[in-house]
Amino acid sequence: MAAVPAGKNTIVVRVDEVIESLEVLEDYAGHDVTVQLRTGRVKSGEQYTFYSNPEIFGESLVVQAIAHETAVPSALTRAAAKPSSTLRDKLARARFDAADLVVAGLVTSVRVTPEAATAAARGAVPKWKPVSEHDPVTQEAAIQVTAVHKGARGRKEVKLRFPRSTDVRWYQAPKFVVGQQGVFMLHTDEKAAKVAVRGAAVAAALPQADTQGFHTALHPLDFLPLNQAVGVPAMPELHTDEEGEQ
Amino acid sequence: MAAKKTRKTTKARTAKKKSAAKLAASNVFLINMIPKALSGETHQDSEPHLTVNLSNTKQIVGTAFTPDPALGPNAPLYVSQDGGNSWMLNSIVPSTAGSSLGTGDITTSFNSNASRLYGGILRSGSGKMEFLRTSSFSSPSAMAVLKSRSNADQPFTTATTLGGKDRVYIGSNDFSAPGGRTATIDQSMDGGLSAPTFKTIRVEKRSTVGQNGPQTRPIFHADGTMYAAFYRWRTSTGDFQANTFVVTSADVIVVRDDNSGNSPQPYTALVDAGDGLAGKRVVTGKRFPFMIHGTGATGQQRIGGCLSIAVSPVNSSIVFLVWGDKPAGSTDFLTLHVTRSLDRGVSWSADLLTIPSATNGAIALNSVGKIAFLYQKLKNFRWVTHVQRSIDGATWDDLILADTSATNPIKTFDPYLGDYCHLLATGKDFCGIFSAGNTPNLANFPNGVKYQRNANFATQRLLKLDGVTPVPASVDPFFFRITE
């Protein structure tokens, strides 16, 4: 690509197969891409597998190769039915690993947070609650637990907080409704909870205690509907239908 | 006497005709900024902004709510090295690895000598407002974070170079400000230092309902004159989370500083004769909805006021302002007003233009004082993107850049088109950016359009990289240049 100056570590590669990528990049087979090699050398005409990060998107694609090896496409393609599915499974696995608690269950209620409801009932409305288009509009969902896949067992119910807002900052966080069934990957990281529960604009309006100790599920893959969850090969832990049974 | 009158009238008519002819002679170039390499993308790339390197106008940077296509640790800039004729994405805006948001609100600005690009963002993940800088916008190195803080909204960046030093101004709505006076400008008088300092200035001097509006818009003139516009929210009603919130009384305030924002009492040069306080109340007691999300009646776009300010490059006393309200009795969601001051903001004209059912107004003046006004108007469930131009503020032409469905594609988040778009002048020419539906239909772009991504205008289908597989319509950023 003209935007990238030619150099001894810059090569042009004809893509035979995309093994793992987001959907927007998975149809590059048959196209030339510019590869910037971080290490090692390649021979013209040889086949390789490149582990790379895209850098520039223009008339064509420029990627930086973190590593490369002699191609073994048959072994790799067996696992890769669709490049974006492979990546999605990997990301879901990462969310599973990062979660404090992973449960299967059913959403039985969704409501405003109890402290907000109590304040409203008492008429204890703050003098001014900051108004921002990035307000998360925090809700609390109760989940009836049918299986615990990770974390402390024995729970019958778990509560989580989530942003109902469709603002750009929050729209990708799963929105929960009564009757939803699936696998919930819950995170209690305090920092994440602060972001999720308070949001930048409402920080001053909520008491400190509200930000601590709540489960959240902010990433789009933190909730998997039942029909999607059972088929993820990267997460054998989910292949169970009752607590403790495999 | 009668003959003289006739001659005068004829002269005036001829002048008007000449003016119209001049306006019509402009050359319009419009391009969809999504590069070919991302032909399969379907993201809602809304809320665009733009900056042009005035030392080399071939270098242009655009921004939008566009995630890194590879979910990397940085969000992309749209970069052009050929005056906007082609665009590529370069992911150097600090974000969060794996973020499919990319970045929250973002605006950027070059300094005046081509050496640095500055930016203000709400960072993905933390939501913190961060001030950014790079000396090489097209290299793969991430922009440096100069400052970071919580609780602020809509960073709006403008930078310049004066006396060899970069002046950087970032307007915002800072919820940490005491007393509900949240309209804020952070500024550095030497942004090029390795660790520049930013001074935080509260430009609101009056009481508010509890906060200002999110728009704080600073603008700079080469002679050191700074202006900024913001909304003073005075009263409100309704429930924001229930989408019934209305600002029932707001003033539009313009402040000025005659020493690059560096006066002992910054932004107090303009005093309102009515109350003796700094900041001219251009209009008072205005009403408009402030929506959490758009509806069918608003073309899916959330509405929350609109402000844009521009100063004439040839005379810093001449200032134009766009502001929005919902006039009493009006059924429109927002009406845009264009007004002008010829005396450094002391007094303001009646409306030069009044545009109902419109939002995302942006105004600019070129090197000969010509005015251009960009806005998006909802008409018959279509978003129509206009640029109106005038030499004198009285006679305006009207270019339609895009006329796209307001119902398709369905929004994936708010804001549908963005809480702002942008327009600026480069010498005599105008450059701008807006977001709109990307269905490749020439009837949607009456002044022509260029697509980089694969598209079949005959079948009105977007196509993946393979040139065959259809891609659903989405919202894309469009760059335009009007050559005067």
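Buried here means under 20% relative accessible area, exposed over 50% and partly exposed in between, with a 1.4 Å probe and protein chains only. Helices (H or I, at least four residues) and strands (E, at least two) are DSSP runs, numbered from the N terminus. The views below come from a predicted model, in which local features need pLDDT of at least 70, side-chain atom pairs count only at pLDDT 80 or more, and totals for chains, interfaces and linings use all residues. Residues are numbered from 1 along each chain as its sequence is written, chains are lettered from A and ligands numbered from 1 in the order in which they are written, and side-chain values use heavy atoms, with hydrogens and water left out.

**View 1. Strand β12 of chain B is largely enclosed by the rest of the structure.**
Take a look at residues 183-188 of chain B: 6 of the 6 are buried, so the strand is largely enclosed. B:Ala183, B:Ile185 and B:Gln187 point one way, while B:Thr184, B:Asp186 and B:Ser188 point the other way. In a regular strand the side chains alternate between the two faces of the sheet. Two strands count as paired if DSSP finds at least two bridges between them. Strand β11 (residues 165-174) of chain B runs antiparallel to β12(B), with 6 bridges joining them, and here B:Tyr169 stands opposite B:Gln187. Strand β13 (residues 199-202) of chain B is also antiparallel to β12(B), through 4 bridges; B:Ile201 in β13(B) is the bridge partner of B:Ile185.

**View 2. Chain A meets chain B.**
With contact taken as heavy atoms within 4.5 Å, 41 residues of chain A touch 49 residues of chain B. Buried area is the accessible area (1.4 Å probe) that two parts lose on being put together, summed over both; for this pair of chains it is about 3,700 Å², and carbon and sulfur atoms give 58% of it. A:Phe57, A:Trp128 and A:Glu133 supply 20% of the area that chain A buries against chain B, more than any other three residues.

**View 3. A salt bridge links A:Asp167 and B:Arg302.**
A salt bridge is a side-chain nitrogen of Lys or Arg within 4 Å of a carboxyl oxygen of Asp or Glu, and the rule finds 1 across this interface. In that of A:Asp167 and B:Arg302, the closest N and O atoms are 2.7 Å apart. Strand β3 (residues 48-57) of chain A gives the largest share of the side of chain A that touches chain B, 4 residues. Strand β3(A) runs antiparallel to strand β5 (residues 88-94) of chain B, joined by 2 bridges, and A:Phe57 has B:Leu89 as its bridge partner in β5(B).

**View 4. A:Lys175 sits in a loop of chain A.**
Find this residue between β7 (157-163) and β8 (181-186). At 28% relative accessibility, A:Lys175 counts as partly exposed. Leaving aside neighbours within four places in sequence, its contacts include A:Phe162, A:Pro163 and A:Gln180. A polar atom of its side chain lies 2.7 Å from the backbone oxygen of A:Trp170. The C-alpha atoms of A:Lys175 and A:Phe223 are separated by 9.3 Å, although the two residues are 48 apart along the chain.

**View 5. A:Ser84 lies in helix α2 of chain A.**
The helix spans residues 83-98, and A:Ser84 is buried, with a relative accessible area of 13%. Beyond its neighbours within four places in sequence, A:Ser84 is in contact with A:Ser21, A:Leu22, A:Glu23 and A:Glu26.

Notes. Polar contact = N/O pair within 3.5 Å; in protein donor to acceptor, adjacent residues only side chain to side chain.
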